[in-house]
Amino acid sequence: AVLFRNGLETLWVMARTDFVERSPLTREALAFADERHAGQTRELDGDVPFVTHPIEAACLLHEAGHPDEVVAAGVLHDVVEETDAEPSDLEERFGPEVAWLVDSVSDDPSIDDEDRRRAALRDQVAEAGERAAAIFAADKVSKARELRTRLARGHRFERADRGKLEHYEASLEMLRRQLPGHPLVDQLAAELDALHALRGRA
């Protein structure tokens, strides 16, 4: 764990954050995400700030060799879905490329049915290209890891978890077509294998 300080906030995050200091764009993105996600927590543990999830996704993108714009978009990938931030806010502050990438991995809230909304998002990401697919992959690696950790800690596998797992598996199929041989796709496959193995022992 790395102690990361940002303004008045002090966060224990389960990811390397030294890469943030080397990129002014990513550093600014993290400050924005930290502010917008303030008060939100992860399903993993109510004491863990939500912003540790986008930090983890950004770290995965950095380690996979993606440029600053993609890493910054990884930090910001949930702000449109989970906060009151608008794509126009991102474009004004971070430029059109970052704003477009975040919008490309954000679902359509007008679709009420969750399964249809997730399917539409997968199609949207596939059409957006490799950079958007990489951000989507990093998000899914982090979320699958979170679900696996929850189950390993003794949490029950709920109906909502089943829907998430089906989405992660369908996402893996799409990502294998869009990003063949990409390390994040391999990581997602490994996380899902570990999840199935854990469920099999339950």
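**Entry 1: α8 against α9**

The contact is made by L121, R122, V125 and A128 on the α8 side and by E130, A132, A133 and F136 on the α9 side, where contact means heavy atoms within 4.5 Å.

I note that this is a predicted model, in which local features need pLDDT of at least 70 and side-chain atom pairs count only at pLDDT 80 or more, while totals for chains, interfaces and linings use all residues. Residues are numbered from 1 along each chain as its sequence is written, and side-chain values use heavy atoms, with hydrogens and water left out.

**Entry 2: α8 by itself**

I checked the length of α8, residues 114-128, and found its end C-alpha atoms 21 Å apart, which agrees with the 21 Å that its 15 residues should span at 1.5 Å a residue; the expected span is 1.5 Å times one less than the number of residues. Helices here (H or I, at least four residues) and strands (E, at least two) are DSSP runs, numbered from the N terminus.

I then listed the buried residues of α8, which are R117, R118, L121, R122, V125 and A128. They cover an arc of only 140 degrees around the axis, so they lie on the same side of α8, the arc being that of the directions from the helix axis to the C-beta atoms. Buried means under 20% relative accessible area, exposed over 50%, and partly exposed in between, with a 1.4 Å probe and protein chains only. On the face turned away from the buried side I found the exposed residues R116 and E127. The buried residues pack against α5 (79-82), α7 (96-104), α9 (130-152) and α10 (159-178).

At its start, a side-chain oxygen of D113 comes within 3.2 Å of the backbone nitrogen of D115, and after the helix comes G129, with a positive phi near 105 degrees.

α9 is followed by G154, whose phi is positive and near 100 degrees.

Not counting residues up to four places away in sequence, R42 touches V48, P49, F50, T52, H53, E56, S142 and E146.

**Entry 3: two histidines**

I looked up H182 in the loop between α10 and α11 (183-201), where it counts as buried at 12% relative accessibility. The side chain of H182 reaches the backbone nitrogen of L184 at 3.0 Å, and, residues up to four places away in sequence aside, H182 touches A64, H66 and A134.

I then looked at H37, which lies in the loop between α2 and β3 and counts as buried at 2% relative accessibility. Apart from neighbours within four places in sequence, H37 is in contact with F50, V51, P54, D78, V79, E82 and T83. H37 and D78 are 41 residues apart along the chain, and their C-alpha atoms are separated by 8.9 Å.

**Entry 4: α2 and the whole chain**

I noted that α2 has 13 residues and reaches 18 Å, close to the 18 Å expected, with T26, A29, L30, F32, A33 and D34 buried. P24, found in this helix (residues 24-36), counts as exposed at 56% relative accessibility.

For the whole protein chain, I recorded eleven helices and four strands, with buried residues making up 48% of the 202 residues. Among contacts between residues at least 6 apart in sequence, 65% join residues at least 24 apart.

Key. Polar contact = N/O pair within 3.5 Å; in protein donor to acceptor, adjacent residues only side chain to side chain.
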